Amino acid sequence: MAQPAIAVDASKHRSTRLNGLLRLLLSLVVAAGLYYALRWSVAFMRDRTAPQRILLELYTALGLDGPATRLQETGLSPMGGKLMIMAVALVVGVAGVWIIFWMVNDLADRLPVTARRALRPWLFVGPAVLLLGTYLVYPAFNTIYTSLTEDVASVPRVVPEQYWAADDIAASYLAAELGERAGITFTGYLLNLDLFEIARVRVRDESALLLVRTETVTSRDGEAERVFTITPLGLHNYKFAFTSPAMRIAFRNNVTWLLVGTTGSVVLGLLIATTVDRVKREALAKSFIFMPLAISFVGASVIWRFVYAWQPPGRAQIGLLNAVVTRLFDIEPIPWLIESPLNTYGLILIMVWLQTGFAMVILSAALKSIPNEFIEAARIDGAAEWQIFFGIVIPMIRGTLLTVTTTVFIAILKVFDIVYVMTNGKFETEVIANRMFVEMFTFRNFGRASSLAVILLVVTIPVMVLNIRNLRRQGINR
């Protein structure tokens with residue numbers, strides 16, 4: 001009787017091993033297919049002619065000669081190409097993420113129990129960590145590096161080949177060619193290795209560093225080669241950020257935005273939340289206040305351009321605000337977006353209009369969480385309404401109030417859309433984010449733009465730390 005049982009067990013064992021091998025083979029096939037699908041989708045999204053070429057191949061395969069001929073004659077519309085690229089990105093992206101998680105989970109099941117328990121959390125968190133590192137952490141460090149490498153000294157990027165064999169490439173190159181022409185004086189080395197040098201120099205009476213290293217560059221013929229490159233490092237971009245007259249205006253405006261915009265949004269949100277709590281149609285009233293938050297910054301800016309529109313005296317005023325002012329007060333129309341500093345406060349009003357609804361909703365929820373017993377006890381003790389508000393209500397919602405304030409503060413700190421659409425920074429309405437855009441895309445000065453981005457990052461960090469401490473004080477994320 002034992003032999004048939006042993007035979008059955010052996011058969012089951014072979015069947016289990018065969019199923020395991022088949023599943024492993026399937027996982028490898030799926031991984032290979034996913035790799036080629038992702039590679040094809042990336043190439044498809046980078047090639048502007050790919051949508052039309054794919055459609056032509058599809059029409060030809062289906063025997064649709066008429067549509068294929070029309071497509072060759074007229075071409076694919078830009079919107080049609082973008083829609084096809086978007087569809088490919090959605091399908092491959094969503095399906096690809098699902099397949100990746102299924103595949104790694106299936107592979108993890110084949111590991112021993114101890115290794116499986118230790119590895120599985122990292123398999124699921126790993127893609128998110130990789131994406132954050134690729135698209136958030138690396139760009140942040142690269143921005144800091146770029147902010148130190150532009151507009152410090154006018155030197156060629158590639159070191160001439162005759163200096164590659166020198167023991168002191170930076171010193172030899174500067175002494176032979178760049179000393180007088182670029183106004184650079186070599187003062188010494190911080191680090192001098194075979195393939196990596198950091199030299200101290202003086203550029204027009206300012207201290208700087210020159211970084212010499214090997215890099216792979218692509219020539220005009222498309223061939224890659226290893227060369228020595230030289231990169232100036234310095235604080236010239238930050239000096240521009242803190243001393244330029246245009247940047248002084250931007251900093252001044254940003255401070256005005258932060259003080260007036262943040263205070264106005266939070267105070268109005270708190271007052272409206274306190275007042276609306278006592279009306280019968282609370283939900284309807286809140287809906288009207290919250291509605292602007294559903295509008296994008298660009299959409300709100302377009303709306304307010306019509307509100308602030310100005311025409312010379314004697315013409316019909318199409319701007320709502322000027323139409324009201326000229327009718328009621330019998331004065332000349334005011335160019336709201338041209339006169340400074342009136343235009344800056346007009347732009348801040350748009351942000352307050354957008355952010356008040358957000359502050360109202362969050363603070364209204366915090367007000368409703370206050371127990372009525374505290375307020376009733378204070379009234380019995382004879383406290384006035386303003387004493388209850390400042391002595392009980394404000395202290396009990398202090399954490400929520402701080403969270404709302406920091407959130408609005410950060411949103412206003414990086415404001416760009418409103419300024420760009422309304423004035424493009426003209427008439428002394430420049431802010432840091434808009435100046436960063438101008439430096440990068442108008443003047444092609446990536447170093448200055450990166451230095452402004454770093455300044456915004458540095459200012460944001462203390463606010464985020466304050467916000468995190470406030471959340472922990474409330475018992476969140478402990």
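Contact here means heavy atoms within 4.5 Å, and helices (H or I, at least four residues) and strands (E, at least two) are DSSP runs, numbered from the N terminus. The model on your screen is predicted, so local features need pLDDT of at least 70 and side-chain atom pairs count only at pLDDT 80 or more, while totals for chains, interfaces and linings use all residues. Residues are numbered from 1 along each chain as its sequence is written, and side-chain values use heavy atoms, with hydrogens and water left out.

**Stop 1: helix α15**

Select residues 398-413, which make up helix α15. Its 16 residues reach 22 Å from the first C-alpha to the last, close to the 22 Å expected at 1.5 Å a residue; the expected span is 1.5 Å times one less than the number of residues. Now colour the buried positions (buried means under 20% relative accessible area, exposed over 50%, partly exposed in between, with a 1.4 Å probe and protein chains only). In α15 they are G399, L401, V404, T406, V408, I410, A411, I412 and L413. What covers them? Show α8 (245-276), α12 (342-368) and α18 (446-473), which are among the elements covering the buried residues of α15.

Step on to K414, in the loop between α15 and α16 (417-422). K414 counts as exposed because its relative accessibility is 54%. If you like a distance check, draw a line from K414 to F101: the C-alpha atoms are 36 Å apart, and the two residues are 313 apart in sequence.

**Stop 2: two partners of α12**

Keep α12 on screen and bring α8 back beside it. Their axes come within 6 Å and cross at roughly 40°; axes are lines fitted to C-alpha atoms, for helices over the stretch in contact, and angles run from 0 to 180 degrees between N-to-C directions. That angle makes α8 oblique to α12, since angles under 35 degrees count as roughly parallel, over 145 as roughly antiparallel, 65 to 115 as roughly perpendicular and the rest as oblique. The crossing of α8 past α12 is right-handed, the term for a near helix turned clockwise from the far one by less than a right angle (left-handed if anticlockwise).

Next, select residues 297-308 for helix α10, whose axis comes within 10 Å of that of α12 and crosses at roughly 130°. So α10 is oblique to α12, and α10 passes α12 in a right-handed crossing. Show side chains for F297, A300, W304 and Y308 of α10, then for α12 residues including G346, L349, W353 and Q355, to see residues that make the contact.

**Stop 3: backbone details in the loops**

Go to the loop between α11 (320-329) and α12, where you will find P341. The peptide bond from S340 to P341 is cis, with omega near 5°. D330 lies in the loop between α11 and α12, and has a positive phi of about 55° although it is not a glycine. D330 is exposed, with a relative accessible area of 69%.

For another positive phi, near 60°, select E428, again a residue other than glycine. E428 sits in the loop between α16 and α17 and is partly exposed at 40% relative accessible area.

**Stop 4: R435**

Is R435 buried or exposed? This residue of helix α17 (residues 432-441) is buried, with a relative accessible area of 14%. Beyond its neighbours within four places in sequence, R435 is in contact with F240, A246, M247, E430, F443 and L452.
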